[in-house]
Amino acid sequence: MYAIIVNNKQKGAYIIMHYTQQLKAIRQIKNKQQKEIAEVLGISQQQYSLIETGKRELHIDQLIKLCYYYKISADYILGIKF
């Protein structure tokens, strides 16, 4: 995976990490296993693993569930900094 750096001078937003990397980092910081997060999302551990590796897209409803579960913003999960 790679870091995405976007400089949007009008809005001042920077994307500094691909969301898949951010998902893994958040999960590890919170000391959670992929299986636990997959259960929150209602998918298998294998499907969640594909999301973390970028082989499957994270759907907006899944993003919302993760925001509530981790009690963090979508901007943080998506790696967007202002």
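Helix axes here are lines fitted to C-alpha atoms over the stretch in contact, and angles run from 0 to 180 degrees between N-to-C directions. This is a predicted model, so local features need pLDDT of at least 70 and side-chain atom pairs count only at pLDDT 80 or more, while totals for chains, interfaces and linings use all residues. Residues are numbered from 1 along each chain as its sequence is written, and side-chain values use heavy atoms, with hydrogens and water left out.

**View 1. Helix 1 packs on helix 3.** Residues 19–29 (helix 1) and residues 45–52 (helix 3) meet at about 125°, axes 8 Å apart; helices are DSSP runs (H or I, at least four residues) numbered from the N terminus. That makes the pair oblique, the label for whatever isn't under 35 degrees (roughly parallel), over 145 (roughly antiparallel) or 65 to 115 (roughly perpendicular). Helix 1 brings Thr20, Leu23, Lys24 and Arg27 to the contact, and helix 3 brings Tyr48, Ile51 and Glu52 (contact: heavy atoms within 4.5 Å).

**View 2. Zooming in on glutamate 52 of helix 3.** Glutamate 52 is buried, with a relative accessible area of 8% (buried is under 20%, exposed over 50%, partly exposed in between; 1.4 Å probe, protein chains only). Leaving aside residues up to four places away in sequence, Glutamate 52 touches Thr20, Leu23, Lys24, Arg27 and Gln34.

**View 3. Tyrosine 69 meets tyrosine 70.** Ring centres within 6.5 Å make a pair for Phe, Tyr and Trp (its six-membered ring), with planes under 30 degrees apart stacked, over 60 edge-to-face and the rest tilted. By this rule there is one aromatic pair. The rings of tyrosine 69 and tyrosine 70 sit with centres 5.2 Å apart and planes at 65°, so they go down as edge-to-face. Tyrosine 69 is partly exposed at 29% relative accessible area, whereas tyrosine 70 is buried at 5%.

Methods. Helices (H or I, at least four residues) and strands (E, at least two) are DSSP runs, numbered from the N terminus.
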